[in-house]
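Visitor: I would like to take a close look at a single part of this molecule, and I would be glad of a careful explanation.

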Amino acid sequence: MGTVVRQTLYAPDDHTADWVSAEVMELLNRLEEQELSWRLETSEICAANKTAGNGEGYLLSSDMTGVIVECMNLSKRAEGAFDITLGPVVRLWNIDGWAAGEQTGAYTMPEPSILRQALESCGYEKLELKPEVLGEKGEILQARIFLPAGMQLDLGAAGKGYALDKLRDSLKESEIGGAVISLGGSVLTYGGKPDGTDWKVGILNPLDTAEYIGILSLKGQWCVSTSGDYERYVEADGARCHHIIDPATGMPADSGVHSVTILTREGLLSDALSTACFVLGAEKGMKLAQEYGAEALFVTFEGEILMTEGMESCFSPAGH
Ligand code: FAD
Ligand code: MG
């Protein structure tokens with residue numbers, strides 16, 4: 001997933017810890033290879049992308065149906081600020097290439113006319129889901145997805161959070177009593193420590209990533225995701241171009257915030273919401289997070305820290 005995985009596991013013995021830790025890595029690889037990747041030919045997302053414009057669509061697994069339905073619901077509620085159909089635009093900016101070190105020397109931003117053209121192929125409202133299997137309450141259990149020609153799905157903004165949900169479910173089946181697993185900007189806390197103390201999750205200072213702005217103290221199972229303009233970027237003509245795109249313009253979002261941290265029980269939601277709220281900015285983002293019952297923390301361009309009440313109750317500023 002183009003990121004570093006860190007695991008801390010509290011197990012009854014070394015053997016169990018080693019075994020579960022290996023299982024975690026295996027599950028992550030499996031999710032990337034079989035479901036989430038937009039690069040690996042073996043994944044569902046790749047298979048769905050290949051059907052763009054062919055009219056036949058692609059029958060998603062029930063897990064991926066759930067992911068896409070939740071992402072599309074968020075797109076609607078976020079006025080399109082979050083959009084998994086931005087693949088063509090993300091490719092133009094070559095965001096994956098930045099991290100792979102492919103970007104050496106001067107970076108040239110994509111041509112506005114080419115960007116506009118790519119944007120025309122994007123847009124969650126052009127994505128069609130045809131339910132094929134319904135649950136007892138009429139909920140969609142499995143759907144066929146139809147992408148118009150030129151559209152490409154990109155789950156970069158939600159895939160790691162979804163993976164945390166899957167890891168949590170698999171930890172429940174294990175003998176692990178407590179765990180913290182981080183996938184880049186998303187962190188899962190699970191269970192408890194043997195000494196009963198809280199989990200501590202640091203929130204980086206977006207202006208100086210050698211420092212924390214504060215620490216969250218959490219009990220039990222939570223997901224914490226941060227989207228920031230310091231995570232992945234290139235310099236072009238002296239300006240910083242980061243990896244979170246405003247679907248309205250195709251340009252890096254410029255909503256007055258350096259970072260957004262979201263705290264929820266569900267990983268897919270925390271990851272997707274952190275991206276959506278980054279694009280929306282503090283005022284609209286705060287409202288959206290609250291509609292979802294999520295806690296949120298924004299670091300603004302002015303260096304101000306804005307938080308929901310629930311976030312405040314578990315946040316300790318650095319140095320206190
Ligand atoms: P987030 O804010 O969570 O997401 C930003 C990412 O989402 C962008 O990089 C872009 O892909 C997409 N995006 C941008 N704007 C929006 C928007 N408005 N709405 C919706 N989505 C948006 N990186 C590599 O360098 N190489 C890889 O091979 C690679 N493989 C990956 C495979 C998987 C399955 C996943 C989940 C990620 C992978 N990544 C890879 C990382 C990926 O490219 C993103 O950069 C990363 O997920 C960003 O995470 P974040 O938490 O920093 O940012
Ligand atoms: Mg995200």
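Which residues does Leu 216 touch, not counting residues up to four places away in sequence?

Guide: A word on the basis comes before the details. This is a predicted model, in which local features need pLDDT of at least 70 and side-chain atom pairs count only at pLDDT 80 or more, while totals for chains, interfaces and linings use all residues. Residues are numbered from 1 along each chain as its sequence is written, chains are lettered from A and ligands numbered from 1 in the order in which they are written, and side-chain values use heavy atoms, with hydrogens and water left out.

Leu 216 touches Trp 199, Lys 200, Val 201, Ile 203, Val 224, Met 311, Cys 314 and Phe 315, where residues up to four places away in sequence are not counted and contact means heavy atoms within 4.5 Å. Leu 216 itself is found in strand β8, which covers residues 208–218; strands (E, at least two residues) and helices (H or I, at least four) are DSSP runs, numbered from the N terminus. With a relative accessibility of 0%, Leu 216 counts as buried, a word that means under 20% relative accessible area, whereas exposed means over 50% and partly exposed lies in between (1.4 Å probe, protein chains only).

Trp 199 stands 17 residues from Leu 216 along the chain, and the C-alpha atoms of the two are separated by 7.9 Å. Trp 199 also counts as buried, at 4% relative accessibility.

Trp 199 leads on to another kind of pairing. In the whole structure, a search finds two aromatic pairs, the rule being that rings of Phe, Tyr and Trp (its six-membered ring) pair if their centres lie within 6.5 Å, with planes under 30 degrees apart counted as stacked, over 60 as edge-to-face and the rest as tilted. The ring centres of Tyr 10 and Trp 199 are 5.9 Å apart and their planes are at 45°, so this pair is tilted. Because Tyr 10 lies in strand β1 (residues 5–10) and Trp 199 in strand β7 (residues 199–205), the pair ties together parts that are 189 residues apart in sequence. Tyr 10, for its part, counts as partly exposed, at 29% relative accessibility, whereas Trp 199 is buried.
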